Amino acid sequence: MVKTGLKTFVLLGMAMLCVVANAGKRAHKIWMAEVDYEFSYQGFTDVEPGEMPKTAVLLVSGNNTCRTTQTEFLTSSIIGNKTKNALINLAVTPEIKSATLCDSADIAAGQASLKFDIQGKGKYKKILGYPCHGYDIVIEDVAAGLKYTEEVWATDYIGGKDVNFYLYPEVKGVILYSKKTDGKEVTVMQAKAVSKRVAIESGTFWYPYGCEVNTCSGEQVFDEEELTEGETEGEGEETEE
């Protein structure tokens with residue numbers, strides 16, 4: 001009886017140690033982060049190597065994001081500002097700095113000819129220690145008669161769940177891996193590092209001062225809009241899930 005009770009006690013103790021050890025390895029929610037990516041390509045024949053970005057940096061604060069890529073000729077950023085429900089394409093060359101500002105109506109109009117089929121894989125895997133849910137996406141451009149597929153893995157442990165509001169609202173969280181297949185052309189984007197940020201400049205999620213700004217309809221914006229509060233939502237927060 002004593003031996004049985006002691007054995008049970010030891011087993012329970014070992015189980016508790018395993019629980020504590022595993023709890024220490026659980027991912028923590030990060031509201032502000034910097035994610036570094038690498039790109040790889042297959043099947044591209046008429047594109048010069050210098051035209052294709054090799055790396056990208058994503059800054060995320062809550063549901064606001066800024067992804068910047070650089071080639072030999074151009075530095076470009078895609079800014080998703082959920083606070084203002086706007087999308088900004090920013091292009092910088094040695095000669096000019098320009099931005100295209102799109103509101104929710106512009107985004108909807110731009111996707112009017114597109115058909116999206118987004119299916120969850122129903123399983124997850126870890127990338128850089130973060131649990132990621134998988135999605136299979138088929139996008140068809142009806143007007144152009146084109147279709148391509150994309151496999152993505154995203155985690156809602158980084159930033160907000162609606163960071164993809166302007167393209168894939170069904171995909172929750174930051175995408176850490178994507179594989180886009182367009183005929184014989186394949187583009188892979190893979191996250192290589194995630195760094196927690198304690199602060200991100202508020203201007204990161206809007207077009208910079210002195211930039212030539214046009215709307216999606218071609219109308220030029222002359223006045224500089226003031227940044228609203230909330231662009232660095234969730235600053236300093238970190239919770240465990």
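**Reading a buried loop residue and a disulfide**

Modeller: Contact means heavy atoms within 4.5 Å. Leaving aside residues up to four places away in sequence, Asn 164 touches Pro 169, Val 171, Gly 173 and Ile 175. This is a predicted model, in which local features need pLDDT of at least 70 and side-chain atom pairs count only at pLDDT 80 or more, whereas totals for chains, interfaces and linings use all residues. Residues are numbered from 1 along each chain as its sequence is written, and side-chain values use heavy atoms, with hydrogens and water left out.

Colleague: Where is the place of Asn 164, and does it count as buried or exposed?

Modeller: Buried means under 20% relative accessible area, exposed over 50%, and partly exposed in between (1.4 Å probe, protein chains only). Asn 164 is in the loop between strand 10 and strand 11; strands are DSSP runs (E, at least two residues), numbered from the N terminus. Its relative accessibility is 12%, so Asn 164 counts as buried.

Colleague: Which cysteines does a disulfide join?

Modeller: A disulfide is a pair of cysteine sulfur atoms within 2.5 Å. By this rule the count is one: Cys 102 is joined to Cys 216, with S to S at 1.9 Å.

Colleague: Why is the disulfide right-handed, and which parts does the pair tie together?

Modeller: The torsion about the S-S bond of Cys 102 and Cys 216 is about 45°, so the disulfide is right-handed. Cys 102 lies in strand 7 and Cys 216 in the loop between strand 13 and strand 14, so the pair ties together parts 114 residues apart in sequence. Cys 102 is buried at 7% relative accessibility, whereas Cys 216 is partly exposed at 38%.

How values were computed: Helix = DSSP H or I, 4+ residues; strand = E, 2+ residues; numbered from the N terminus.
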